[in-house]
Amino acid sequence: MAAYVLSYMLRFDFFLPEDPARLLAISLPVVIIVKLVVFEMFALYQGWWRFVSVSDLSQIIKASILSAITITFFGFLAFHGHGFPRSIPIIDLGLTIIFVGGSRFLVRAFREGHLLTLSRDTAGSARVLIVGAGNAGESLAREIGKNMELHYSIAGFVDDNYYKQRVRIHGYPVLGRIDDIAPISVDYQVDEIFIAIPSATGEQMKRILGICEETGLKIKTIPGMDGLIEGKVSVSQLREVDIVDLLGRDPVNLDAQAIRDYLKDKRVLVTGAAGSIGSEICRQVLHFEPAELILLDKWENGVFEMGRELKKYQGDKRISYFVADVKDRDRIEKIFRRVRPDVVFHAAAYKHVPLMEANPGEAIKNNVGGTKTLADVCVELGCIDRFVMISTDKAVNPTSVMGASKRIAERYVQRLSRPEGVKFITVRFGNVLGSAGSVIPIFKEQIKRGGPVTVTHPNMMRYFMTIPEASQLVLQAGSMGKGGEIFVLDMGEPVKILDLAKTLIKLSGYKPDLDIPIEFTGIRPGEKLFEELCLDEEFVEKTEHAKVFIHASVAHYPEDFTESLLALIRDADSLDLKTIKESIAYLVPEYLSPKVTPLGHFSKDSDLLGPTCKLPENQPRKTRK
């Protein structure tokens with residue numbers, strides 16, 4: 001109303017003659033009704049003013065234009081173009097946008113403290129320097145600036161982009177480049193550094209972290225692109241720099257529709273569901289709307305905790321929980337006949353190499369016998385469409401009982417696969433970061449105790465990937481399998497365990513060998529310096545997914561493979577170590593025994609390595625030399 005009245009006042013220099021005044025009085029009610037109706041059509045009365053944004057301003061402009069057109073039409077229609085000032089709708093349009101939009105943005109500016117900058121108390125607030133002046137850095141600065149409850153004040157940004165130098169973002173200056181962090185931190189009395197570059201690679205993060213460490217200040221970062229909630233950045237997501245940031249694993253791009261096609265409305269059973277990989281597979285499967293998710297594990301407390309956690313994601317999906325041992329044929333058969341699963345993910349396995357060297361019978365019974373039990377029940381039941389077995393890079397040219405047991409299991413399920421029956425699919429990958437009993441939690445515990453951090457050998461190297469990445473790629477490989485394949489996941493480049501230990505020590509705020517000592521304990525029974533992802537008799541082929549490969553195997557089975565396997569499982573508890581290893585070597589001819597002498601001395605390093613795998617010629621990832 002004020003906009004329409006003021007448009008008349010401006011048009012007639014704040015002196016209204018009698019005829020325009022009469023026209024204003026007659027048309028004002030009509031104008032108010034028109035604007036109310038149009039603004040309601042554009043939902044302008046449902047917005048929350050303190051959160052007004054550019055999209056709201058766009059709606060205001062559209063509504064104002066439509067109102068002006070409608071008012072002009074009715075004005076000329078009512079007065080036949082005589083006496084109705086043509087400039088009034090144009091002036092009214094501009095004033096309406098200013099008044100309606102300006103009032104909303106004024107409220108937001110007041111609520112966010114932009115009108116009270118002089119009164120905002122920054123005493124006691126930590127001064128932060130934001131590394132990265134892109135979208136993530138801008139979002140971080142905006143949230144810090146508008147939330148007076150956060151005890152932060154922004155000193156500025158640093159960014160290597162030439163065009164961002166000396167500009168201001170939300171009033172905060174870009175102070176220089178990343179290489180200038182140390183002097184900038186001193187000049188601007190910085191207390192903390194926030195790294196806001198979610199797209200940074202592992203090498204870039206190493207460089208940034210190395211520069212930030214020179215300041216001695218507290219360093220925090222936001223998750224990578226795949227870890228951001230709905231792609232948005234917030235202060236609550238800031239966390240300490242983790243080893244995952246430095247490995248720089250690229251986000252996994254899934255063919256979600258292919259996964260949904262074989263999981264949606266299906267009954268999905270996961271063995272080892274309370275373990276690191278099994279539990280993450282359960283979380284991922286729930287995103288694809290299964291008819292029922294069935295958790296099976298012999299660890300009672302783990303199943304209980306998973307049940308509590310999955311309630312957050314359950315919604316209207318049905319979840320069943322079973323405590324059972326995969327070696328117990330009767331129990332497994334009863335469960336399968338009761339739930340009749342369509343898809344089985346087999347993640348239950350013993351995985352600790354030295355422990356299984358000391359308990360070889362258990363490795364055989366669980367990893368081989370348990371897999372055989374599950375696979376046989378699936379074949380007999382006839383309702384299962386896919387059986388996806390989780391394997392390991394330690395099954396390649398195995399030097400350990402654990403690795404050899406997984407290789408035997410791989411071969412057994414391959415032999416069972418038939419085009420018209422269950423599709424038996426194997427997915428093989430290396431170590432996952434943060435899994436129970438893996439090297440990262442052990443190193444962190446040792447650092448917490450003040451050291452020493454124990455590393456088996458200075459040249460020990462392993463492939464690593466994150467638990468979510470591995471689980472997502474397992475689901476993807478499951479959608480590709482036609483039966484009998486062994487899929488190999490792209491693990492990236494191998495990481496030296498010694499470098500991993502040193503990095504974790506630095507991330508914990510200590511100096512390697514000075515504050516926290518590193519000790520070499522020697523390679524343990526069954527271990528190799530390097531792990532491989534494919535056999536020397538095999539070559540990998542590309543699939544439609546860049547991180548999933550498949551290889552055709554030229555495996556040589558003894559004629560009595562199944563009979564020998566059954567005898568090995570039956571006698572696993574009674575056979576001595578030498579006999580068990582001889583039996584394994586018969587079933588897996590590539591099974592090797594490492595020639596290890598006291599720490600640091602090997603007959604030759606090649607005794608602990610298998611042959612290099614043949615990769616596709618156009619595959620950019622480097623192969624191990």
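Hi everyone. What we have here is a predicted model, where local features need pLDDT of at least 70, side-chain atom pairs count only at pLDDT 80 or more, and totals for chains, interfaces and linings use all residues. Residues are numbered from 1 along each chain as its sequence is written, and side-chain values use heavy atoms, with hydrogens and water left out.

First, the overview. The protein chain has 20 helices and 22 strands; these are DSSP runs, numbered from the N terminus, with at least four residues of H or I for a helix and at least two of E for a strand. Of its 625 residues, 50% count as buried, meaning under 20% relative accessible area with a 1.4 Å probe, protein chains only.

Now let's go to strand β9, residues 292-297. How many of its residues are buried? The count is 6 of 6. In general, side chains in a regular strand alternate between the two faces of the sheet. Here E292, I294 and L296 point one way, while L293, L295 and D297 point the other.

Who are the neighbours? Strand β8 (residues 267-271) runs parallel to β9, joined by 5 bridges; two strands pair if DSSP finds at least two bridges between them. In that pairing, T271 has L296 of β9 as its bridge partner. Strand β10 (residues 318-323) also pairs with β9 in the parallel sense, over 6 bridges, and there I294 stands opposite S320.

Finally, the cysteines: a search of the whole structure finds 0 disulfides, that is, pairs of cysteine sulfur atoms within 2.5 Å.
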